[in-house]
Structures are given as C-alpha cells and as structure tokens.
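User: I have a model open and would like to know what stands behind some of the labels attached to it. Please take me through them.

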Amino acid sequence: MGTVTGAGSPLEKASVSTSGTKGIFTDADGKYSLKLNPGTYNVKITYVGFETRNVTVKLGTEDLVVDVDMVPAADRSEAVILVGSRTRPRTSVSTALPID
C-alpha cells in the first residue's frame, strides 16, 4: 500500500501493477493497496504525462508502505498528427476539418 503523487499532488487513476497480477488504479487521494504474498516484486506505476516508475520491493510478513512521486515526462508534444484512412460516401459525412 502507498500513495502516488506527481508534483506534490495525489494522482487519481494511476495504474499500479506487478508482473503476474491484475493491475489496479489509485483512488481520488492517490492511494492504492496491493495484496501480495511475501517475496520480491517489481511494482510498475504509470500515469499519462509522467515517466513510468518501476520500484522493486521485498515483502516480509508485515505491511509495507511504498509512496511514489512521479516525474513529469519530457514534453514531446510539439505537434499532434492524426492519421487515419477510411472511405465513406459523401452523404454520410457530417463534419469536415479545415486543411491548412
């Protein structure tokens, strides 16, 4: 269990998973809880706009708290290009996009 934050704020719906288990999402306060048997696990945390974090944890018989502060991803959004191809009859198209 633990909390996922980004820039000091809790991240709701961050994905938290370990190999071989079904992933979960953090709640509105950025909190999560995984039920795992004692052992060593690689916990993967992802959230849109932040770098993926991989944390190795070793669980004994006691609960372990793993708080993670996510690092913003490098800005790669210089341009967004939408690519698609589909043919439709002109009569079924209801909107158009301007071409610059």
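Analyst: Contact here means heavy atoms within 4.5 Å. The model is a predicted one. By that cut-off Met-70 touches Val-4, Thr-5, Gly-6, Ala-7, Leu-11, Ile-45, Thr-46, Tyr-47, Phe-50, Glu-51 and Arg-53, with residues up to four places away in sequence not counted.

User: What makes Met-70 stand out in the largest nonpolar core?

Analyst: That core has 16 residues, and Met-70 is among those with the most contacts inside it, along with Val-4, Val-16 and Ile-45. Two or more residues come from each of β6 (39-46), β7 (53-59) and β8 (68-70).

User: Why is Ser-17 called buried?

Analyst: Buried means under 20% relative accessible area. Ser-17 has 19%, so Ser-17 is buried. Ser-17 lies in strand β3, residues 15-18. Leaving aside neighbours within four places in sequence, Ser-17 is in contact with Gly-23, Asn-42, Val-43 and Lys-44.

User: How do you know that β3 and β6 pair?

Analyst: Pairing needs at least two bridges between the strands. Four bridges join β3 to β6, therefore they count as paired. The two strands run antiparallel, and Ser-15 stands opposite Thr-46 in β6.

User: What joins β6 to β7, and in which sense do they pair?

Analyst: Seven bridges join them, in the antiparallel sense. Against a requirement of at least two, β6 and β7 therefore pair.

Technical notes: Residues are numbered from 1 along each chain as its sequence is written. This is a predicted model: local features need pLDDT of at least 70, side-chain atom pairs count only at pLDDT 80 or more; totals for chains, interfaces and linings use all residues. Side-chain values use heavy atoms; hydrogens and water are left out. Buried means under 20% relative accessible area, exposed over 50%, partly exposed in between (1.4 Å probe, protein chains only). A nonpolar core is a set of buried Ala, Val, Leu, Ile, Met, Phe, Trp, Tyr and Cys residues joined through side-chain atoms within 4.5 Å.
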